[in-house]
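Open the model in your viewer and keep the selection tool at hand. The tour goes from stop to stop, with something to pick at each one.

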Amino acid sequence: MVCFCFLVDQKRMMRRSKPVAGSCSRCGHGAKVADMRTATRFCYIPFYFKSWKAIVCSFCGAILKSYR
């Protein structure tokens with residue numbers, strides 16, 4: 001019997017960001033709007049990329065709102 005194990009993961013990267021008015025609801029620090037990119041990898045080879053915008057806390061890194 002043969003068993004195959006494949007590693008599939010996702011990695012989020014912040015490409016650009018700029019400050020935005022408002023604060024984080026979790027920690028109270030400032031927020032920023034960012035261009036995000038998600039890379040899905042299969043056995044360490046990226047095969048799917050998705051770009052989207054999100055409002056992110058500048059201190060704790062929590063994603064407060066996403067625009068897909």
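**Stop 1**

Select Ala-34, Met-36, Trp-52, Ala-54 and Val-56. In this predicted model, these 5 residues form the largest nonpolar core. Two elements each give two or more residues to this core: strand 2 (30-42) and strand 3 (45-57). Which strand gives the most to this core? Strand 3 does, with 3 residues. As a general background, nonpolar side chains in soluble globular proteins tend to be buried together.

**Stop 1: Ala-54**

Now select Ala-54, which lies in strand 3. Is Ala-54 buried or exposed? Ala-54 is buried, and its relative accessible area is 0%. Show what surrounds this residue. Leaving out residues up to four places away in sequence, Ala-54 touches Lys-32, Val-33, Ala-34, Met-36, Ile-63, Lys-65 and Ser-66. Ser-66, in strand 4, is the residue opposite Ala-54.

From Ala-54 to Gly-30, C-alpha to C-alpha, the gap is 14 Å in space. In sequence the two are 24 residues apart.

**Stop 2: Val-56**

Move on to Val-56, another member of the core. Set aside its neighbours within four places in sequence. Val-56 is then in contact with Met-14, Ala-31, Lys-32, Ala-34, Met-36, Gly-61, Ala-62 and Ile-63.

**Stop 3: the sheet**

Switch to a cartoon view. The protein has 0 helices and 4 strands. Its elements run β-β-β-β from the N terminus on.

**Stop 5**

Select strand 1. How many of its 16 residues are buried? The number is 0, so strand 1 lies largely in the open. Antiparallel to strand 2, strand 1 is joined to that strand by 13 bridges. Val-8 has Phe-42 in strand 2 as its bridge partner. Asp-9 has Arg-41, also in strand 2.

Follow the chain into the turn. Strand 1 and strand 2 make a hairpin, with 6 residues between them. Click Gly-28 in this turn: its phi is positive, about 90 degrees.

**Stop 4: strands 2 and 3**

Next, show strand 2 with strand 3. They pair in the antiparallel sense over 12 bridges. Their hairpin has 2 residues between the strands. Cys-43 in this hairpin takes a positive phi near 55 degrees. At another point along the pair, Ala-31 stands opposite Cys-57 in strand 3.

**Stop 5: strands 3 and 4**

Strand 3 and strand 4 run antiparallel and are joined by 4 bridges. Between them are 5 residues. Gly-61 in this turn has a positive phi of about 80 degrees.

**Stop 6**

Select Cys-27 and Cys-57, and show their sulfur atoms. For Cys-57, the nearest is that of Cys-27. A search of the whole structure finds 0 disulfides.

Compare their surroundings. Cys-27 counts as partly exposed, at 31% relative accessibility. Cys-57 counts as buried, at 2%.

**Stop 7: the whole chain**

Zoom out. Along its principal axes, the C-alpha trace spans about 55 × 20 × 15 Å. Of its 68 residues, 21% count as buried. Finally, take the contacts with a separation of 6 or more: residues 24 or more positions apart account for 40% of them.

Key:
Residues numbered from 1 in each chain as written. Predicted model: local features only at pLDDT ≥ 70, side-chain atom pairs only at ≥ 80, totals over all residues. Heavy atoms only, no water. Core = buried A, V, L, I, M, F, W, Y, C linked by side-chain atoms within 4.5 Å. Buried < 20%, exposed > 50% of the residue type's maximum accessible area, 1.4 Å probe, protein only. Contact = heavy atoms within 4.5 Å. Pairing = 2+ DSSP bridges. Disulfide = S-S within 2.5 Å.
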